[in-house]
Number of protein chains: 2
Amino acid sequence: MKKNESIGALLTAGEQDLLPALSVDCVIFGFHENQLKVLLVKHRHRDMWALPGGFIGKEEPTDAAAYRVLKERTGLNEIFLQQFHVFGEPERSKKEFHLQDFKKDGINVTANHWILQRFVTIGYYALVEFSKVSPASGSIPEKCVWWDIHKVPTLILDHRKILDKALAALRMQLNYQPIGYNLLPKKFTMPELQKLYETILDKKLDRRNFQRKILGFGILCRLDETKEGVAHKAPYLYSFDLKKYDDALNDGLNLGW
Amino acid sequence: MKKNESIGALLTAGEQDLLPALSVDCVIFGFHENQLKVLLVKHRHRDMWALPGGFIGKEEPTDAAAYRVLKERTGLNEIFLQQFHVFGEPERSKKEFHLQDFKKDGINVTANHWILQRFVTIGYYALVEFSKVSPASGSIPEKCVWWDIHKVPTLILDHRKILDKALAALRMQLNYQPIGYNLLPKKFTMPELQKLYETILDKKLDRRNFQRKILGFGILCRLDETKEGVAHKAPYLYSFDLKKYDDALNDGLNLGW
């Protein structure tokens with residue numbers, strides 16, 4: 001299906017098939033070799049980028065819509081998406097913005113069309129190993145690209161605000177949920193784990209504080225091996241205790257209260 | 001306005017005035033003298049209770065709707081409400097449940113009426129000093145009562161699930177945001193603050209761990225006074241450093257990473 005046909009089909013079928021007034025937007029963070037990136041979709045007309053987002057089917061769970069959007073737009077699958085905030089200001093919906101785009105598409109949209117009405121959006125975020133995924137661009141074939149978190153281009157509408165809030169939520173998450181599984185090798189050193197935290201927090205951490213705190217969470221096993229190929233004082237290897245890791249995902253970390 | 005009139009007016013005006021498919025529900029926790037309670041509204045027909053909830057105006061921010069609902073239904077004002085989760089499963093909307101109620105109201109509602117359609121709800125929670133507020137019952141005059149968190153009655157629909165999720169979110173919040181301002185006297189002892197945490201977490205905490213951790217957050221000032229009327233080893237008094245407390249509300253606690 002060509003781009004204009006798929007947009008046209010959405011606009012026609014949407015009123016009947018989609019939940020009104022509600023959308024989802026996904027902030028997909030990528031980690032690889034101490035770099036933090038975010039996955040963005042090129043706007044079809046503008047020199048701007050957008051978070052992968054979409055609408056919700058009339059009978060579709062909101063979480064399922066987020067997973068579907070992610071899969072459709074990026075090819076990514078089976079990533080844990082975390083709801084983090086609802087963006088519900090009326091001003092976030094810009095009728096004129098969309099009208100200009102549809103005009104460029106050569107599509108006529110009436111002033112009271114459902115797509116021009118106010119939308120509240122539910123924000124989701126995830127953190128993945130970005131070297132393991134190859135973003136596809138889905139049924140609406142815009143470019144979908146990883147951007148360095150420090151070099152994010154101009155985003156449409158309130159997407160920059162959504163991204164910033166997601167990053168703050170991800171950083172908060174370090175304080176109550178475990179992180180790192182699927183981002184690190186199965187066996188990793190304490191400095192490797194610390195680097196992950198430093199990359200997300202975008203700051204240096206004290207080595208001893210970090211070690212004390214992270215061991216206090218009770219989700220790590222120290223293995224009876226040291227890192228190979230290191231000349232002397234080889235660092236110990238650790239792995240996640242997956243049972244405790246999963247429990248902590250559900251119930252929160254052991255925070256030593 | 002009588003109850004049936006106000007429900008009737010809502011049903012008539014809602015389609016034009018309200019955002020479709022979206023609602024808000026508020027979980028108001030109350031703390032007083034080491035007790036945790038939750039504010040519930042009696043269902044008008046059933047031997048069941050509900051969270052204070054409501055709809056969103058077409059041009060109303062979602063957060064403003066939560067504050068309005070709270071004010072209308074409980075008389076409470078100027079409480080910080082925290083968005084915590086969106087409940088977006090299609091199965092949460094029960095057409096039959098509402099039809100039975102409207103029948104008892106003596107109100108005819110057509111099968112495709114907006115109020116019978118699927119609703120996604122945004123959950124908000126807050127924690128207040130419950131001795132300072134006198135719940136009013138708002139324009140729809142159901143009883144509005146504080147319930148002990150251990151003795152919550154049967155709730156309608158998925159409200160028990162929403163309440164449980166809010167309590168989990170409140171407990172998580174202890175790990176990344178400060179709590180206690182407006183819940184404790186201006187000057188308080190370490191044991192009083194610890195009791196607040198213990199009440200929310202519903203478990204005993206180790207005194208020394210608690211003190212070390214809470215002081216590490218950097219939001220407390222130790223005053224040059226001790227608690228009066230205590231025979232010997234009078235405990236020191238503390239107050240919140242409001243500047244640092246506010247910063248921590250916005251940016252998260254200093255977690256010693």
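Visitor: What makes A:R68 partly exposed?

Guide: This is a predicted model, in which local features need pLDDT of at least 70 and side-chain atom pairs count only at pLDDT 80 or more, while totals for chains, interfaces and linings use all residues. Residues are numbered from 1 along each chain as its sequence is written, chains are lettered from A and ligands numbered from 1 in the order in which they are written, and side-chain values use heavy atoms, with hydrogens and water left out. A:R68 has a relative accessible area of 29%. Buried means under 20%, exposed over 50%, and partly exposed in between (1.4 Å probe, protein chains only), so A:R68 is partly exposed.

Visitor: Why is the pairing of A:R68 with A:E72 called a salt bridge?

Guide: The term requires a side-chain nitrogen of Lys or Arg within 4 Å of a carboxyl oxygen of Asp or Glu. The closest N and O atoms of A:R68 and A:E72 are 3.3 Å apart, so the pair meets the rule. Both residues lie in helix α2 (residues 62–74) of chain A, 4 residues apart, about one turn of the helix; helices (H or I, at least four residues) and strands (E, at least two) are DSSP runs, numbered from the N terminus. A:E72, at 32% relative accessible area, is also partly exposed.

Visitor: Which parts of the chain does the salt bridge of B:R92 and B:D158 link?

Guide: The closest N and O atoms of B:R92 and B:D158 are 2.6 Å apart. B:R92 is in the loop between β5 (82–87) and α3 (95–105) of chain B, and B:D158 in the loop between β7 (144–148) and α4 (159–173) of chain B, 66 residues apart. Both B:R92 and B:D158 are buried. Over all chains the structure holds 19 salt bridges.

Visitor: What makes the aromatic pair A:F188 and A:F240 tilted?

Guide: Rings of Phe, Tyr and Trp (its six-membered ring) pair if their centres lie within 6.5 Å; planes under 30 degrees apart count as stacked, over 60 as edge-to-face and the rest as tilted. Over all chains, this rule gives 25 aromatic pairs. The ring centres of A:F188 and A:F240 are 4.8 Å apart and the planes stand at 45 degrees, so the pair is tilted. A:F188 lies in strand β8 (residues 188–189) and A:F240 in strand β10 (residues 236–240) of chain A, so the pair ties together parts 52 residues apart in sequence.

Visitor: Why is A:T189 called buried?

Guide: A:T189, in strand β8 of chain A, has 5% relative accessibility and therefore counts as buried. Leaving aside neighbours within four places in sequence, A:T189 is in contact (heavy atoms within 4.5 Å) with A:K227, A:P235, A:Y236 and A:L237.

Visitor: What is the area buried between chain A and chain B?

Guide: The area is about 3,200 Å², of which carbon and sulfur atoms give 66%. Buried area is the accessible area (1.4 Å probe) that two parts lose on being put together, summed over both. In contact are 39 residues of chain A and 39 residues of chain B, and the count of salt bridges between the chains is 0.
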